[in-house]
Amino acid sequence: MKCIFCEIVNRNSPAEIIFEDEKIIAFLDNKPFNFGHSLVIPKIHCEDFLSVPEDHLMNLISAVQAVSKAVLKGLNVSGFNIISNNGKTAGQSVFHFHFHIIPRFKSDKHKYRLNLKSYAPGEMKRFAESIKNFVNNQE
Ligand SMILES: [Zn+2]
């Protein structure tokens, strides 16, 4: 099955492209949360954030910042969300890594239904230790 984002990169599918450099391309999401909802992707096919080549990360984050600034100015909004879904469990539907930049309007009526949890005593330290063990020991 063809990757729909690679098809955009290769100009085989139409898209409203708003930014492009050697490694990165950004375009409007065709099913936007809000109008102006933009996607920033590496041109090289990689499934999720963890598989983005290290030499693409700086370009990617710089492009996310540049597009975010342009969304704010161009659409005259004061807030935006940067979202990335990684893995089916997290809601990823296109398996070519992408950041969403979503302009927010006071009147847009989008609300997150948060279900915040509370750590039991001592549990927070246990979770931190589980993560810390792997931060500096990457294979
Ligand atoms: Zn792809």
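Modeller: Arg11 counts as partly exposed, because its relative accessibility is 46%. In this predicted model, Arg11 adopts a positive phi of about 65° although it is not a glycine. The residue lies in the loop between α1 (4-9) and β1 (17-20).

Lys109 likewise has a positive phi of about 65° and is not a glycine. Its place is the loop between β5 (99-104) and α3 (123-135). Lys109 is exposed, since its relative accessible area is 75%.

His56, by contrast, belongs to helix α2 (residues 54-75). With a relative accessibility of 10%, His56 counts as buried, because the cut-off for that class is under 20%. Leaving aside residues up to four places away in sequence, His56 touches Lys23, Ile24, Pro42 and Ile44.

The largest nonpolar core has 14 residues, and the members touching the most others are Val40, Leu60, Val67, Phe99 and Ile101. At least two residues of this core come from each of β2 (24-28), α2 and β5. The most is given by α2, with 5 residues. In general, nonpolar side chains in soluble globular proteins tend to be buried together.

Val67 touches Ile18, Phe19, Ala26, Ser38, Val40 and Ile101, again not counting residues up to four places away in sequence. There is also a second, separate core of 10 residues, including Phe27, Leu39, Ile41 and Val94.

Conventions
Residues numbered from 1 in each chain as written. Predicted model: local features only at pLDDT ≥ 70, side-chain atom pairs only at ≥ 80, totals over all residues. Heavy atoms only, no water. Helix = DSSP H or I, 4+ residues; strand = E, 2+ residues; numbered from the N terminus. Buried < 20%, exposed > 50% of the residue type's maximum accessible area, 1.4 Å probe, protein only. Contact = heavy atoms within 4.5 Å. Core = buried A, V, L, I, M, F, W, Y, C linked by side-chain atoms within 4.5 Å.
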